[in-house]
Amino acid sequence: EKSQDCMYLQYCKVCQSYKAPRSHHCRKCNRCVMKMDHHCPWINNCCGYQNHASFTLFLLLAPLGCIHASFIFVMTMYTQLYNRISFGWSSVKIDMSAAKRDPRPIIPFGLSAFAASLFALGLALGTTIAVGMLFLIQMKVILTNKTSIESWIEEKAKDRIQYYQTGETFIFPYDMGSKWKNFKQVFTWSGIPEGDGLDWPVRDGCHQYSLTIEQLKQKADKRVRSVRYRAVEDYSGVCCPVTKGVKTFFTTPCTEEPRIALSKGDLILATRGLKHWMYGEKILDSATDGGIRERGWFPRKCVEKCQYDSETDQPVDGEKKNR
């Protein structure tokens, strides 16, 4: 509504518009999502402003359903095995062909049924543990009125301040200081979250755009400390390349972030890296790329550092500190 506020906002090159505060662009959904937490492949959608509460309830009810299923599986195997166990003086025998006592079970319980029940029990217990941990993580960020991405931004803010010794103090603006108030920002009796997803209440002493200003600082810092590389080998973009060495194959990054295909001579702006892999953005022709950005991981051995920046004709700054 206020054109002067654009100086505080991030511009999305793909959507060709400014991002609202707390919004992020999702590569999978190909759109900007309000208050984006993450993209969930299990619901094939993003977890954000409109469905954060529903997604968290899903993370709660899924383990409860698995606990209920586990109880049924355990009691089924216990009762059926109890009816098939015979105790001798020197051994214990289990006869899976038929029950020793009446009444006979309505559903036949043989060896295959026992194996299937045991396998299903393992899946139910595994899901209970895995999804239950995700529920606890989600509740932790909700009670501080953050998202998973914003928790990461806060960590990078502390890292940036410590790196440059600026003496700043970054205060997360959306934490109301009360867990109950933060909880009500997501969970409501109507099921519709508070607000419109664009304007958010902030704590005293914070600016409406405090978080976006910090994000702009981090992006500017990333551009300053990024290093330009040139591709010296072709790379197809596969997850685990066989032809790039054994170490490269076995140390592929365990992340959902994409890989980018490289052709010999391509220029890449690298922002972070591992021992055998690097992450960066391919430098495209702005006249023909149509706003498309190609970012992802690529093998370190496929590129070499450019000695001089083609735009400034100055030596490129040192490689970003790996932390």
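Reply: On a 1 Å grid over the protein atoms alone, a pocket is an open set of points with protein on both sides within 12 Å along at least five of seven lines. Lining residues have an atom within 4 Å of a point. Grid points are joined across faces, edges and corners, and a volume is the space filled by probe spheres set on the points.

Me: What volume has the second largest pocket?

Reply: This is a predicted model, where local features need pLDDT of at least 70, side-chain atom pairs count only at pLDDT 80 or more, and totals for chains, interfaces and linings use all residues. Residues are numbered from 1 along each chain as its sequence is written, and side-chain values use heavy atoms, without hydrogens and water. The second largest pocket holds about 310 Å³. Its lining counts 13 residues, with Glu1, Lys2, Asp5, Asp199 and Tyr209 the closest to its centre.

Me: Which classes make up that lining?

Reply: The lining of the second largest pocket has 7 nonpolar, no polar and 6 charged residues. Ala, Val, Leu, Ile, Met, Phe, Trp, Tyr, Cys and Pro count as nonpolar, Asp, Glu, Lys and Arg as charged, and the others, Gly among them, as polar.

Me: How many cavities does a search of the whole structure find?

Reply: A cavity is a set of points where a 1.4 Å probe fits but cannot get out. The search finds 1 cavity of 30 Å³ or more. The largest cavity has a volume of about 40 Å³. Among its lining residues are Leu9, Lys19, Arg22, Thr212 and Gln215. By class, the lining of the largest cavity splits into 3 nonpolar, 4 polar and 2 charged residues.

Me: Which side chain meets Arg22 in a salt bridge?

Reply: A salt bridge is a side-chain nitrogen of Lys or Arg within 4 Å of a carboxyl oxygen of Asp or Glu. The structure holds 10 salt bridges. In one of them, Arg22 meets Glu150 at 2.7 Å, N to O. Arg22 sits in the loop between strand 2 (17-18) and strand 3 (24-26), and Glu150 in helix 3 (residues 148-164), so the pair ties together parts 128 residues apart in sequence. Helices (H or I, at least four residues) and strands (E, at least two) are DSSP runs, numbered from the N terminus.

Me: At what angle do helix 1 and helix 2 pack?

Reply: Two packed helices are described by the angle between their axes and the distance between the axes. Helix 1 (residues 52-82) and helix 2 (residues 111-142) pack at about 155°, with axes 8 Å apart. That makes helix 1 roughly antiparallel to helix 2. Axes are lines fitted to C-alpha atoms, for helices over the stretch in contact, and angles run from 0 to 180 degrees between N-to-C directions. Angles under 35 degrees count as roughly parallel, over 145 as roughly antiparallel, 65 to 115 as roughly perpendicular and the rest as oblique.
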